Amino acid sequence: MHYDVVIIGAGPSGIAAGHNIINNNISCCIIDKQKFPRNKLCAGGVTQKTFDLLHSLNLSSDFNGVNTIVSKCVSLYLEDKYITDIECKGNTYLVDRFEFDEYLVREYENKGGKILENTKIKNIDTKNRTITLSDNQNISFKYIIGADGALGITRSLVDKNIKANGFCLQVDVNKNDTNYNSDNMSMYYGVLPYGYGWIFPKKNHLSVGFIGEYSKDIDYKVEFEKFLNNIGIECDRSRFKGAFIPFGQYIKKPINYEKNLLLVGDGAGFVDPITGEGIYFAVLSGIKAADTIVKAIKNDDINIIDEYIYEIYNITKSINKGSKLKKVIYSCKKPIFNSMKNKQIGSFIFNDCVYNSNYDILKTLNSKERF
């Protein structure tokens with residue numbers, strides 16, 4: 001089999017790239033080791049700006065998840081102390097990834113896109129442009145998009161040394177077993193060093209978790225139990241699910257030596273350093289990688305692949321500025337979070353900066369009236 005583009009991983013970054021490739025009438029195959037629908041460790045917060053990006057992919061129908069709840073406000077806490085509620089300028093769709101990813105995959109298939117589910121990869125030879133599957137079947141390609149996450153095979157083909165620097169734990173609990181009656185998401189900053197906890201309600205359950213910069217000195221299960229106890233949730237630790245993810249650390253040049261493999265999403269380290277949001281950057285980087293490859297194919301010029309660095313500049317700029325801002329926030333946690341009780345200040349910090357991943361604070365301030 002031969003395809004112009006092979007995408008490894010059918011999460012939001014890979015599937016967004018696949019839609020973009022198919023929309024440009026270029027042959028494409030997505031390979032994923034799991035069969036859809038499948039569960040995914042994720043809080044499931046999809047911002048309005050993410051859905052705006054998805055609409056640009058010419059999907060045939062809108063997502064209508066049975067378990068989705070629309071959150072219009074966020075309740076902010078400093079550790080377990082309530083600070084304030086902030087009305088969001090854009091909706092956050094609290095989705096079940098079991099439903100959301102399945103929707104995107106089937107929309108891709110409906111366009112005629114090829115996907116190999118429940119398929120493992122034995123080897124990727126970027127020099128000879130050949131992928132060998134676990135059943136020894138070979139697929140040749142012109143370009144690969146690596147969308148298989150922070151621990152995926154494609155990341156090691158670009159940078160063997162960089163490791164995911166964040167760790168998260170999550171558990172889903174039945175709403176009936178808790179006193180949480182709100183449809184709003186809640187975020188608990190400071191429950192981990194440079195990290196936060198969350199409650200994201202779905203129709204029948206709550207997704208509860210926390211994330212922070214990884215340290216071998218932290219017993220995460222113990223800390224997670226403390227967090228759950230503080231917010232009134234009892235749960236056996238055998239139900240906890242954990243994962244390493246990038247958290248403000250990205251690969252500066254997510255392109256391999258042969259210029260025929262581009263990394264996107266978590267594989268490239270594109271995760272917001274303050275909110276931990278990964279889906280928006282995943283979709284955006286998938287679209288940008290596909291744009292770059294389409295241009296390279298249509299112009300028959302492999303050197304165009306280098307333009308991907310410029311295409312993702314707004315992503316890496318946000319991560320850089322957000323990482324610096326996070327250090328300021330956590331060094332001055334109490335005064336900053338208490339100041340957010342003022343609705344105007346709270347809305348500016350959360351909506352204009354955090355929700356939109358717009359961490360160019362001075363520029364944002366200069367474009368608005370000062371408080």
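Let me begin with Phe244, which is partly exposed at a relative accessible area of 35%; buried here means under 20% relative accessible area, exposed over 50%, and partly exposed in between, with a 1.4 Å probe and protein chains only. Phe244 sits in strand E14, residues 241-245; helices (H or I, at least four residues) and strands (E, at least two) are DSSP runs, numbered from the N terminus.

Please keep in mind that this is a predicted model, in which local features need pLDDT of at least 70, side-chain atom pairs count only at pLDDT 80 or more, and totals for chains, interfaces and linings use all residues. Residues are numbered from 1 along each chain as its sequence is written, and side-chain values use heavy atoms, with hydrogens and water left out.

The largest nonpolar core has 69 residues, and Phe100, Ile131, Phe270 and Ile293 touch the most other members. Such a core is a set of buried Ala, Val, Leu, Ile, Met, Phe, Trp, Tyr and Cys residues joined through side-chain atoms within 4.5 Å. Helix H7, residues 279-298, supplies the largest share of this core, 12 residues. A second, separate core of 32 residues includes Leu78, Met185, Tyr189 and Val354. In soluble globular proteins, nonpolar side chains tend to be buried together.

Next, the charged pairs. The structure holds 14 salt bridges, each defined as a side-chain nitrogen of Lys or Arg within 4 Å of a carboxyl oxygen of Asp or Glu. In one of them, the side chains of Lys89 and Asp352 meet at 3.3 Å, N to O. That pair links distant parts of the chain, with Lys89 in strand E5 and Asp352 in helix H11, 263 residues apart.

Glu213 is partly exposed, with a relative accessible area of 32%, while Lys326 is buried, at 4%. Elsewhere, salt bridges that share partners join Glu102, Arg106, Glu109 and Glu117 into one network.
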